[in-house]
Amino acid sequence: MRFLLRVVLRLALSMLLSVAEGRGQAATVSDPGGTWLTEDGRARVRLERCGAAPERICGYIVWMKELVDSRGQPFRDRLNPDPAKRPRALLGHQILLGLKPTADGRYAGEVYNAEDGKTYGVSVWRDSPGRLAVKGCLLGLFCATQSWTQTRDAAPGQLLGPTGDPTGPVADPEWAAPHQPTAMATKMRAR
């Protein structure tokens, strides 16, 4: 009986110490990078480190179930408040805008919705190894959460190239990687 009591006390003490130790540490941020199929299956979004701010996460539409409208024209960002962005195709454009890591292990920032041309608050986190929770909020009060599924295959028509490449998505200028001069340009300036 004494032996059993000592084992139970040691287990209890061990659990208390591990809980106390965990309180002093912030939640670890699980990187949401990868390609994700949206809950409704209409798009795939690639999340990656932002070129101009590698501590943040940016997201791009790299595949769409429907690429063209009823006239056979590519869907465009026609409701964008910036007139210069209205002619751009929806496939390849940026929708997650520089999400920052938070203390609770998530990434938070803004999501651009091309269906109404507005930007909303969003937070993302991995629910499990193959699931991403995406919580969008209107005015911080009305929120909805979707579950996106990670994909590892390439769908027909999916953009596979690096961001900024002709075969990849295009970052908004404020999130694009700084332009690196080519070797030829460096030689020309040296003269």
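Modeller: The charged end of Arg106 is placed over the ring of Trp125, 3.5 Å from the ring's centre. Please keep in mind that this is a predicted model.

Biologist: Which residue lies over the face of Trp63?

Modeller: That is Arg44, at 5.6 Å from the ring centre of Trp63.

Biologist: And how many aromatic pairs does a search of the whole structure find?

Modeller: The search finds 0 aromatic pairs.

Biologist: Let us step back. How many helices and strands does the chain have?

Modeller: There are 2 helices and 8 strands. Read from the N terminus, their order is α-β-β-β-β-β-β-β-β-α.

Biologist: What share of the residues is buried?

Modeller: Of the 191 residues in the chain, 31% are buried. The accessible surface comes to about 12500 Å², and carbon and sulfur atoms hold 60% of that surface.

Biologist: Changing topic, what is the volume of the largest pocket?

Modeller: The largest pocket has a volume of about 1100 Å³. It is lined by 35 residues, and those closest to its centre are Arg42, Ile61, Asn113, Ala114 and Glu115.

Biologist: Which elements give two or more residues to that lining?

Modeller: They are strands E2 (43–49), E3 (57–64), E4 (94–101), E5 (107–113), E6 (118–128), E7 (131–138) and E8 (142–151). The largest share of the lining, 4 residues, comes from E7.

Biologist: Why is Asn113 classed as partly exposed?

Modeller: Asn113 is classed that way because its relative accessible area is 25%, and the class runs between the 20% limit for buried and the 50% limit for exposed.

Biologist: Is Val111 buried or exposed?

Modeller: Val111 is buried, because its relative accessible area is 17%, and the cut-off for buried is under 20%. Val111 also has its place in strand E5.

Biologist: What does Val111 touch, not counting residues up to four places away in sequence?

Modeller: Val111 touches Ile95, Leu96, Lys118, Thr119, Tyr120 and Val122. Lys118 and Tyr120 are also touched by Asn113.

Biologist: One more residue, please. Where does Ser30 lie?

Modeller: Ser30 is in the loop between helix H1 (2–23) and strand E1 (34–37). With a relative accessible area of 35%, Ser30 is partly exposed.

Biologist: How far apart are Ser30 and Trp125?

Modeller: They are 95 residues apart in sequence, while their C-alpha atoms are 7.1 Å apart in space. This Trp125 is the residue whose ring has the charged end of Arg106 over it.

Biologist: And which residues does Ser30 touch?

Modeller: Apart from residues up to four places away in sequence, Ser30 touches Gly105, Tyr107 and Arg126.

Definitions and conventions
Residues are numbered from 1 along each chain as its sequence is written. This is a predicted model: local features need pLDDT of at least 70, side-chain atom pairs count only at pLDDT 80 or more; totals for chains, interfaces and linings use all residues. Side-chain values use heavy atoms; hydrogens and water are left out. Buried means under 20% relative accessible area, exposed over 50%, partly exposed in between (1.4 Å probe, protein chains only). Accessible areas come from the Shrake-Rupley method with a 1.4 Å probe; for residues, only the protein chains shown count as cover. Rings of Phe, Tyr and Trp (its six-membered ring) pair if their centres lie within 6.5 Å; planes under 30 degrees apart count as stacked, over 60 as edge-to-face and the rest as tilted. A charge sits over a ring if NZ of Lys or CZ of Arg is within 6 Å of the ring centre and within 35 degrees of the ring normal. On a 1 Å grid over the protein atoms alone, a cavity is a set of points where a 1.4 Å probe fits but cannot get out, and a pocket is an open set with protein on both sides within 12 Å along at least five of seven lines; lining residues have an atom within 4 Å of a point. Grid points are joined across faces, edges and corners, and a volume is the space filled by probe spheres set on the points. Contact means heavy atoms within 4.5 Å.
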